[in-house]
Amino acid sequence: MSGLVYKMPPMSRVQVRQLAQQVHKLVKFTKPAFPIVEFVECVLPRALEGFYFGVLPLSEMGVDEHGRTYPSNNAIYLREDIYIRAAEGHGRDRFTLAHELGHLLLHNTGMRREMPKGSIRPFEDSEWQANCFGGELLMPDWYVRQAKSPQQIADACAVSFDAASYAWRTIQK
């Protein structure tokens with residue numbers, strides 16, 4: 001990590017949630033556990049012209065980089081071990097893929113500036129926006145609101161307990 005972030009046009013959680021809901025409607029998906037791997041591998045190539053999804057070895061990406069997205073090229077790359085675990089249903093790795101999808105869908109504007117970390121507001125931070133999208137996609141608002149606990153969210157949505165706890169706290173506010 002370089003300590004730099006990309007400043008993007010501001011987006012609220014509500015705006016990011018609306019995009020995640022549009023993706024759910026696109027695939028007519030109404031269950032809590034969104035099929036992120038299948039969406040990226042099977043649906044996105046048909047829906048987004050020129051989309052490319054690649055899996056790269058650890059030796060090429062390194063231990064600190066789990067995914068890489070090039071929005072202007074419609075390309076997402078995942079590190080091989082992350083991809084394998086995402087395909088096996090591991091919550092943390094499913095979230096990584098949803099996060100990268102967030103970069104692809106939210107940051108294709110070309111309007112971004114590298115800034116020192118901490119120098120911009122969270123809702124202008126490309127990483128905050130991608131994390132927000134990943135959470136909203138994998139843990140739909142309608143399900144989180146009716147869930148009885150973070151563990152119920154984690155189990156039903158196939159996400160990590162930490163991600164489910166964050167979604168739970170966000171909804172409880």
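Q: How do the lining residues of the second largest pocket divide by class?
A: Four are nonpolar, three polar and five charged. Nonpolar covers Ala, Val, Leu, Ile, Met, Phe, Trp, Tyr, Cys and Pro; charged covers Asp, Glu, Lys and Arg; the others, Gly among them, are polar. The model is predicted: local features need pLDDT of at least 70 and side-chain atom pairs 80 or more, while totals for chains, interfaces and linings use all residues. Numbering starts from 1 along each chain as its sequence is written, and side-chain values use heavy atoms, leaving out hydrogens and water.

Q: Which residues line the second largest pocket?
A: R17, A20, Q21, H24, K25, K28, F29, T30, E136, P140, D141 and W142. A lining residue has an atom within 4 Å of a pocket point.

Q: Which helix gives the most to the lining of the second largest pocket?
A: α1, with five residues. Both α1 (13-26) and α7 (141-146) supply at least two. The pocket holds about 150 Å³ of space.

Q: Why is α5 called oblique to α6?
A: α5 (residues 91-106) and α6 (residues 126-138) pack at about 120°, axes 7 Å apart. That makes the pair oblique, because angles under 35 degrees are roughly parallel, over 145 roughly antiparallel and 65 to 115 roughly perpendicular, with the rest oblique.

Q: What makes up the contact of α5 with α6?
A: Residues including F95, A98 and L105 of α5 meet others including A130, F133 and L137 of α6. Contact means heavy atoms within 4.5 Å. By class, the contact has nine nonpolar, eight polar and two charged residues.

Definitions and conventions:
Axes fitted to C-alpha atoms, helices over the stretch in contact; angles between N-to-C directions. Helix = DSSP H or I, 4+ residues; strand = E, 2+ residues; numbered from the N terminus. 1 Å grid on protein atoms, 1.4 Å probe; cavity = no way out; pocket = protein on both sides within 12 Å on 5 of 7 lines; lining within 4 Å. Points joined across faces, edges and corners; volume = space filled by probe spheres on them.
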